[in-house]
Amino acid sequence: MRRFTFCAGHRLVGHEGKCQNLHGHNYVLEVYVTGEEQDAIGRILDFKQLKTRCKNWIDENWDHTFVLWEKDQNGLDAIRSSEPHRIYELESNPTAENMAKHFLEKICPSILGDSGATAYKVRLWESEETYAEVELD
């Protein structure tokens, strides 16, 4: 497992409370990997390799970005009205659950593809008290 930190903004369309507003979090993402074979040293994947692959993607796509639902036209328009801006459009409302699922099911296979490692669980902390966890079936 390797832990990553990043800052991002979002909002939850249809939320009944404060989270309906544009706001941000200091996220912590934990990525758990496994593999069929260990290398000659005894590793599934060197921690530095895992860091490089995941952190590069996070830095390019989610860090200091607004993660918004692709159907949230009002939110997208609001952020696009500010220059410069960074937006990552998610196919679902950007709850911690949906962001964790997206990272595990869509992102991990592409960034870990040739490494011999497979991500089987992702835990995304939205605050010090709350997280969502998603595992492959």
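The side chains of Glu105 and Lys101 form a salt bridge, with N and O 3.2 Å apart. This is a predicted model, and every distance discussed here is computed from it. Both Glu105 and Lys101 belong to helix α3, which covers residues 96-112. The two are 4 residues apart, about one turn of the helix. An α-helix has 3.6 residues a turn, so residues three or four places apart point the same way.

Are these two side chains buried, exposed or partly exposed? Glu105 has a relative accessibility of 38% and counts as partly exposed. Lys101 is also partly exposed, at 39%.

## Salt bridges and a network

The structure holds 10 salt bridges. Side chains of opposite charge can pair when their charged atoms come close. Some of these bridges share partners: Arg3, Glu30, Arg123 and Glu133 are joined in this way into one network.

Within that network, Arg123 pairs with Glu30, and their closest N and O atoms are 3.3 Å apart.

Another salt bridge links Arg80 and Glu89, with 2.6 Å between the closest N and O atoms.

Where does Thr65 lie? Thr65 is part of strand β3, which consists of residues 65-69. With a relative accessibility of 2%, Thr65 counts as buried, because buried means under 20%.

The side chain of Thr65 makes a polar contact of 2.9 Å with the side chain of Arg86. Leaving aside residues up to four places away in sequence, Thr65 touches Cys7, Ala8, Gly9, Arg86, Ile87 and Tyr88.

## The buried side of helix α2

Which residues of helix α2 are buried? In this helix, residues 73-80, the buried ones are Gly75, Leu76 and Ile79. They cover an arc of only 100 degrees around the axis, which puts them on the same side of α2. The buried residues of α2 pack against strand β3 and against β4 (87-90).

Two of the residues already described belong to these strands. Thr65 lies in β3, and Glu89, the salt-bridge partner of Arg80, falls within the range of β4.

## The chain as a whole

The protein chain has 3 helices and 6 strands. Their order along the sequence is β-β-α-β-α-β-α-β-β. The radius of gyration is 16 Å, close to the 14 Å that the globule rule gives for 137 residues, so the chain is as compact as a globular protein of that length. Along the principal axes, the C-alpha trace spans about 50 × 30 × 25 Å.

Of the 137 residues in the chain, 40% are buried. Among contacts with a separation of 6 or more, 58% are between residues 24 or more positions apart. The accessible surface comes to about 8,000 Å², and carbon and sulfur atoms account for 46% of that area.

Notes
Residues numbered from 1 in each chain as written. Predicted model: local features only at pLDDT ≥ 70, side-chain atom pairs only at ≥ 80, totals over all residues. Heavy atoms only, no water. Salt bridge = Lys/Arg side-chain N within 4 Å of Asp/Glu carboxyl O. Buried < 20%, exposed > 50% of the residue type's maximum accessible area, 1.4 Å probe, protein only. Polar contact = N/O pair within 3.5 Å; in protein donor to acceptor, adjacent residues only side chain to side chain. Contact = heavy atoms within 4.5 Å. Arc of directions from axis to C-beta. Rg over C-alpha atoms; globule rule 2.2 N^0.38 Å. Areas by Shrake-Rupley, 256 points an atom, 1.4 Å probe, with all protein chains shown as cover.
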